[in-house]
Amino acid sequence: MKNTAAAQHDAADTLWNIAEIIELRAQHTPAAAALILPEGVATYGELVAAVHVIARKLLDSGVRAGQTLGVSMMQTPLHLLTLLAIARIGAVSVPVHGLLPEQRRRLIVQRFGACAIVSGRPELRLEGVPFIDLSNVNLAGPVPAVPASGSVPEAPFRIVLSSGTTGEPKGVLYTHGYMLQRTRKTIATCALQPRSRLMPMDFNFSVGFVYAIGALLEGCAVVFTRMDTPVEIANAVRAQAVTHWLLSPSIAEEIARLLNHEAAHFPALTHLRLVGATPGRRLLNTLFARFSPNVFEHYGATEMGPIAIATPEILRQAPTSAGRLLPSITAEVVDDEHQVVPVGHSGRLRLKEPGMIDRYYRNPELTAARFRDGWYYPGDLVCIDASGLLYIQGRQDDVINVGGRKIAFRDVEDVLRTHPAVREAAAFVLDEHAGGTMLAAAFVTSAPVSEAELQTWAASALGPDCPEYLFQVGGLPRNLAGKLLRDQLASLIAPTSPQAPG
């Protein structure tokens, strides 16, 4: 006769709904910590009970399987519980971030067919859109158990949105089967154990949501802060002995400025994973010295999940590398005619893997541009060296032709960041009144330096690839995922833009 654990494992193999799989795990370890909050701990048993309360509220509000719900929430336990409750009844979630302007939120609802908005914040209502208010729901109240969803692998699970750095966010539909496959692939790269404690990123973005769900599938605890400020995040990581931490380089920079001595401030941390952008060498050195020796870099895409991982060893030996491709990924570097270039040469990246997504949701034009002949083209310029390390050299659009020379923004930024007074730099095209375009760069300092001083230094370091104009700014514009919004740089410096000669 099989023991309880073995029987549960067999049962899990027949389920596709992630909420139900987590519920099955909770039956085995109901008293284990699932959510670690500033005010206390919620166990797996309490998590499941709360999910059923919210699921029952959704059903009583008229939501049915297959319908799409817009979720307008911040980084709270209620957000994660609501996402699980939507999945539990077989409905589909789409993030409608509460920090977006009302017009953007309304556009997401319309574009992706959300039948209602669900939120714990009544002020996030959209006029004319049904609203399900969770602000007064008693998560500990007894409710009838929600029946099994009957979800199949092909059933829609969630519409995931891209970070939107190159325009309006793109939507990708995850099915229950794909989500389960994607989550297991992701968590396999970071060695989560049942006693691990994860500090995730924003659940409105795929990387934060997938890691949090993965932690619950493994029986780990997900850690929350009272507020998402650098101080609060750093204090929670230390106080709650977080072992796995997802962090964008931009937030890492802010937290690093709070740490005042060269010693590891987070001794419990076994896995600090940088996502969303490539860190500079100076930041990497700071992370190794002040955060943890266990720094990893994650290069991935909403459309594919993790693509390459840089381990601490790789980052120490090749700090500009994005790491080594995962075994499931097939990658090629091609030219503009889609011909494979020699090893070590630069070109456009294309990718494939078994079971990958092959389209954008309700966007056939972009699907045709990015998904071709079984390949996905993320729009990155890269190089893969003879040892198999991947180097991201920028976006295809982030190249300017100056006097017949193609200059990549990233190459300029990497050099500017080596100046001891420069913390961040971003190159961009400056439109001149006299016609034509010029290369410019905005920079953020960590020590005093004038624009004229840096211009002289940059000219000696970059030669003919030096930007014609440099502008000091207080901070670079970023989206809610922490990614640079390059198209906003020109407007940021517009009041001080140079005048074209008359």
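Leaving out neighbours within four places in sequence, Val210 touches Met179, Arg182, Thr183 and Thr186. Hi everyone, that is my way into this structure, and please keep in mind that we are looking at a predicted model.

So where does Val210 sit? Val210 belongs to helix α7, which covers residues 206–217. Is Val210 buried or exposed? Its relative accessibility is 3%, and because the cut-off for buried is under 20%, Val210 counts as buried. One more distance for this residue: Gly305 is 95 residues away from Val210 in sequence, yet the two C-alpha atoms are 9.0 Å apart in space.

Let's move on to His298. You will find His298 in strand β13, residues 295–301. With a relative accessible area of 9%, His298 is buried too. Which side chain does His298 pair with in a polar contact of 3.0 Å? The partner is Tyr211. Tyr211 also turns up in the contact list of His298, once neighbours within four places in sequence are set aside.

Now for the charged pairs. How many salt bridges does a search of the whole structure find? The count is 12, and I'd like to walk you through a few.

Take Arg88 and Glu23, whose closest N and O atoms are 3.0 Å apart in a salt bridge. Arg88 is part of helix α4 (residues 77–88) and Glu23 is part of helix α2 (residues 18–28), so this pair ties together parts that are 65 residues apart in sequence. Both ends are buried: Arg88 has a relative accessible area of 4%, and Glu23 has 17%.

For another setting, look at Arg121 and Glu123, whose side chains form a salt bridge at 2.8 Å, N to O. Here Arg121 is partly exposed at 33% relative accessibility, while Glu123 is exposed, with a relative accessible area of 53%.

Then there is Arg350 with Glu332, a salt bridge in which the closest N and O atoms are 2.6 Å apart. Arg350 lies in strand β17 (residues 346–352) and Glu332 in strand β16 (residues 330–334), so the link ties together parts 18 residues apart in sequence. Arg350 is buried at a relative accessible area of 12%, whereas Glu332 is partly exposed at 23% relative accessibility. Salt bridges with shared partners also make one network out of Glu20, Glu23 and Arg88.

Keep Glu23 in mind, please, as we turn to cavities. Searching the whole structure for cavities of 30 Å³ or more gives 1. The largest cavity holds about 40 Å³ of space. Which residues line the largest cavity? They are Ala19, Ile22, Glu23, Leu47, Val48, Val51 and Leu84. The elements giving two or more residues to this lining are α2 and α3, the latter being 44–60. Sorted by class, the lining has 6 nonpolar residues, no polar ones and 1 charged residue.

Notes:
Residues are numbered from 1 along each chain as its sequence is written. This is a predicted model: local features need pLDDT of at least 70, side-chain atom pairs count only at pLDDT 80 or more; totals for chains, interfaces and linings use all residues. Side-chain values use heavy atoms; hydrogens and water are left out. Helices (H or I, at least four residues) and strands (E, at least two) are DSSP runs, numbered from the N terminus. Buried means under 20% relative accessible area, exposed over 50%, partly exposed in between (1.4 Å probe, protein chains only). Contact means heavy atoms within 4.5 Å. A salt bridge is a side-chain nitrogen of Lys or Arg within 4 Å of a carboxyl oxygen of Asp or Glu. On a 1 Å grid over the protein atoms alone, a cavity is a set of points where a 1.4 Å probe fits but cannot get out, and a pocket is an open set with protein on both sides within 12 Å along at least five of seven lines; lining residues have an atom within 4 Å of a point. Grid points are joined across faces, edges and corners, and a volume is the space filled by probe spheres set on the points. Ala, Val, Leu, Ile, Met, Phe, Trp, Tyr, Cys and Pro count as nonpolar, Asp, Glu, Lys and Arg as charged, and the others, Gly among them, as polar. A polar contact is a pair of N or O atoms within 3.5 Å; within protein, one must be able to donate a hydrogen and the other to accept it, and residues adjacent in sequence count only if both atoms are side-chain atoms.
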